[in-house]
Structure formats: structure tokens, C-alpha cells
Amino acid sequence: MDDKSGLAYRFALHCAAQLAGSGVRTVVASPGFRNSPLLVAFHKTPGLDVVTAVDERGAAFLALGIARSQRAPVALLCTSGTAVGNYLPAIMEASHGKVPLLVLTGDRPQELVDTGANQCTDQTKIFGSHVRFFADTAPPSGADHEANHAGYIVGKATSRCLQPVPGPVHLNLRFREPFLPSAEECARIEAEERPRPWSFFGSGSGPTEEQALAVGSMVRAAKRPLLLLGPGCYGQRFLGRLCELSARTNIPVIAEAASGIAFCENQSKPRLIHRAENALEAMLDGALLAPDLFIRIGAPLTGRAYGRLLATSALPQLIFEEWGDAREPGFHPSVVVEGNLEAWLDTASAWSDTTAENAWVETLLAFDAKQEARIDTHLARNSAFTEWHFHRFFERQLGRGVNLFLGNSMPIRDFNSAFPRTAKRMRLFSNRGLSGIDGLIATATGVAYGSSRETHAVIGDLSALHDLPSLSLLSSLRGKINFTLWVMNNGGGEIFRMVKTAEAGPPEWFTTPQEFDLSAIAKSFRISFSRVHDLASLESIVPETFANSGVRLIEVLAGGEPNVKIRKSFRDAN
């Protein structure tokens, strides 16, 4: 037996043990030759759930969804070459969305790079600035401390994907053949090795007493402070604390529906304005009195009214950014508060003597209630089945405690505009880091798998077209998830009918019309299929349809021109 035959496997066992010891529960693996030592070690390590995904692009978005739902790091494993490049879109989203991913790529020895060796390319720092940390290991050679170094580098990388700024990290792990000894030798090595995982501790910084006093005095000086919460995958505890803060201080919250605060599990009733864009546009037009202090938490809002309001005023703005991104694309001079958001919320007890002007708050709430009534009236006057009709009545199909994943482009905007107020508790997810339309099926599948909850995803037809290979992923997991994919089929590129560039030429220049048969595609992947074309067919799908595990694809046919008309006519009548 070659005495080098077990080196790669020993190294891999220590990597696997460290993953489990660092709290990683799930590995999404795409099998290959160069990553085979790690693949075998991960499958044999207690505490690691290995999910197989053939397509690396979909695998990466699947891991992204699992990490979002579990709020914990997930590992990705692939072989060398183009397999690695397929991870890039999801890594970009994870970087901007602050999602912890631990990317492990198998690779050839350094001396084979640029020699024409098969499936070999330069993978060094291939993801550039999109990862928080990168390390490149030499092929195991039997050197002293090599196995312990495997645990060290994996432990360090896992820590760096959580602190100080959550996001993806990349370990490029090089191996020489032979990758695995005989089964008997593998068993002997497993019995001999006793990996001892490393521990890394980090903590997000909270405010100093002086900082807390400065922020508190700014808030207390305001007569009309307003909290703004944009889209994001916020934790239930955090949303609950915001609700409690609003209820206690009377500070109203303008929040996109996609933030999830209206559906969180906390029972405190915040002073919540559901229709963010409508309220901000009314402030722009002078129909509503603007606040004298904006307190924004997280990302800017999806719509444009907020940015326009800041650009045309000298309103002060406090931006709370946990990870120090200071996201302010309009460059409005602001006070940026960086640090652990939970720790900053602890200091908000000092705002207890803050009370927003009640008459102003009541005016905002009355305006918001009026918008709800206007939507119902507007939908009744426009009888053609549109995406607004779907979102307005979709709520009836959803049970309590479900996950709802919102696609980008029009689905998230229409949800913000038309989804009704509801007492149902739900958890909302989206890929708003870079707002791409790729990988959405895979990400939503990951949300379903990582949470073990009934999950619904609403995406556009072009988003579905972008991610058709992930239907195979859905199919393979059908016995482990309860998942319904709603595809809004409006002929492609609906959002480009709404922007001024659409006036520069024929609609098909921008809307990328397409024709594909979703029913045939669903059948080929053995996925249950149905179609919705009006309110009657939508309401005929009873909530019990979604009670059991399985995968369903529902195509929603909503014509393009009526969609444009109902949105524009509502805005013009405001």
C-alpha cells in the first residue's frame, strides 16, 4: 500500500470534524473527483447533513436559502474548474446580503496550474472582494501539524463568515492523487484519528455610554421621529423588539411589507404604516407632514419616493447599520450608527420619555387605512385579472406560520403595493442583497429545507426561466419539503413597461417576451402542476392543498397591459 494513500483522507476528516465542531449543520455538496476526500469525510461525520446538488449554481443558491432560514453558516463543496465559477452569483448575493457561507473548493496542486492539466484553472482569490476571507492550502504531504492545521483553517474561516461582518468565505483545498485509500484503510484511519476542534469566539461591539447618550438626545429632541424599515431577512426576535419599541414610544414605523414586521410573531402592536411608498409620496406632494427625523434601520427602501424625499429636503437621518456598510446611495448627509443592533436596541430604553406627536401619528395611520380601502375599490373597478388581484387574494391561501419567499423585479413591488393587512404570522425571505432574478427557485428551496416549514415562493416567469435547472433540485427533495412555487407569467420583463426607457422603442426590446410550457417542464421533473387565470381559479385552491409535504408549481397567468394600467391609474388617482 502507498503510504501516501491516506493523507488526503486524514486531512479531510479533520476538516469535517471542525465544521461540525464550529456549529455547521448542513453541507451542500456537488460530487466530483478532486473533492472526493472531503465528500466521503462529510458523509461519515456525525452532525453534518449532506445535501447533494448536481448543478453548482443552484447548489450555491440552495445553501444561501438554508443559511437564511437557519440564520447559521452553511458549507458548500465542489470540485475544481468551472464548477467553482458557478458559485459566483450566489456568493455575490451572500456578500451583499450578509449571509454566512463557507465555500470549500477542491483544486489541483499549484504546479499543474497553467500547464494545460485537465479541469485546472487559477482558483486563487477567484471570488475577489466578494468573500470576507480566503485561504489556499497545500496538498497534504504528511508534514507535522498538518491535520491540526486543517481544523485551524476551517475553524478560522467559519468564524470569519460570522464576524465581524457575516458573509461568504473561501477555502481552496488542494489535493494530489491518490485521494482515497481502500475501504479497509479508510476505516482504520477513522478509528485512529481523534480530531479536536478549535474554538473561535467573537462579539459585535455595542455602543459606548457617550454614543448612546448622543443618539438618545437626537431622538428625544425630535417631535415627529419616524422609523423606517426596508426589505431584509430580519430575525423574529429583532422584529419583535422593534414592535415593542414603536408601541412604547409612539414612534411610527414605515415598513415595506417585505420586511416582515407586519407578520412577525411578537404580539406588541407597533404604530405601523403598511404602504410605505404611498405615504412617502404623499409627504413629497405635501399631502402629509414629513417627519423631523428619519431613523432608518438596514437597507434603503425598494421604492424611489424615500430617496426623492431626502434629496429635496434637509431632513436629518439616523442610519443604524449593524455591519458598518453605511448604505446611503443618495449621499444624503446622515448620522451613521454602527455596531450590534441588538445592543443598540438595549439603549433605546432611554427613549422611554420620547413621544411622537400623537395627532401627526394618527394622521399617518388614517392615511394608511384609507390606502387599504382605495386598493379594494380600485381592484373592484378594474375587473381584468392582474398581479395586484393575485397578491390581494393570495393571503387566503396561506396558513399561519408559513415561509413566504418573494422574487425580485415586480413580485416584491406588487406584494408591497397590494398584499392585504392580515393577522396571520409569516416569515418573509428575499434576495435583496443584489436583487438579481437568478437562483430564486434554488434559494427558496433552501428556505424550505432549512426551516422544515410550509414554504411559498412567488417569482416572475423570467426568474423561473433563469433557474429551470433547480427544478431538478426541487424534485429530488420533494419528500423532505413542503414547497409551492407560484410563477407570475406576464410575458416577460413586466417591470420594463413601467420605466421611462420603455418609451424609447417597441416593448419587446425591453420586456424579453418568451414562450415556454411550464406544464410540460413540471411534468418532466415529476412536479405537480396547476394554473391560475382568474380569481375563481385562485380561490378554488384551498389551503388544505398545502397541508402535506411535496412540491407544487402553480402558474399564474396575468396579462401585461392590464397590469400596467392598474398600477399607473392607482398612482395617477392618488
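Here are legends for an overall view and several close-ups of salt bridges in a predicted model.

Residues are numbered from 1 along each chain as its sequence is written, and side-chain values use heavy atoms, with hydrogens and water left out. Because the model is predicted, local features need pLDDT of at least 70 and side-chain atom pairs count only at pLDDT 80 or more, while totals for chains, interfaces and linings use all residues.

**View 1. The whole protein.** Buried residues make up 56% of the 574; buried means under 20% relative accessible area, exposed over 50%, and partly exposed in between (1.4 Å probe, protein chains only).

**View 2. Arginine 237 with glutamate 342.** These two residues form a salt bridge, their closest N and O atoms being 2.6 Å apart. Arginine 237 lies in helix α9 (residues 236-249) and glutamate 342 in helix α12 (residues 341-347), so the pair ties together parts that are 105 residues apart in sequence. A salt bridge here is a side-chain nitrogen of Lys or Arg within 4 Å of a carboxyl oxygen of Asp or Glu, and by this rule the count comes to 27. Arginine 237 is exposed, at 56% relative accessible area, whereas glutamate 342 is partly exposed, at 21%.

**View 3. Arginine 453 with glutamate 265.** Here the salt bridge spans 3.6 Å, N to O. Arginine 453 sits in the loop between α16 (440-451) and β15 (455-460), and glutamate 265 in the loop between β8 (253-255) and β9 (272-273), so the pair ties together parts that are 188 residues apart in sequence. Arginine 453 is partly exposed, at 23%, and glutamate 265 is partly exposed, at 36%.

**View 4. Arginine 567 with aspartate 414.** In this salt bridge the closest N and O atoms are 2.8 Å apart. Helix α22 (residues 560-572) holds arginine 567 and helix α15 (residues 410-418) holds aspartate 414, so the pair ties together parts that are 153 residues apart in sequence. Arginine 567 is buried, at 8%, and aspartate 414 is buried, at 2%.

Conventions
Helix = DSSP H or I, 4+ residues; strand = E, 2+ residues; numbered from the N terminus.
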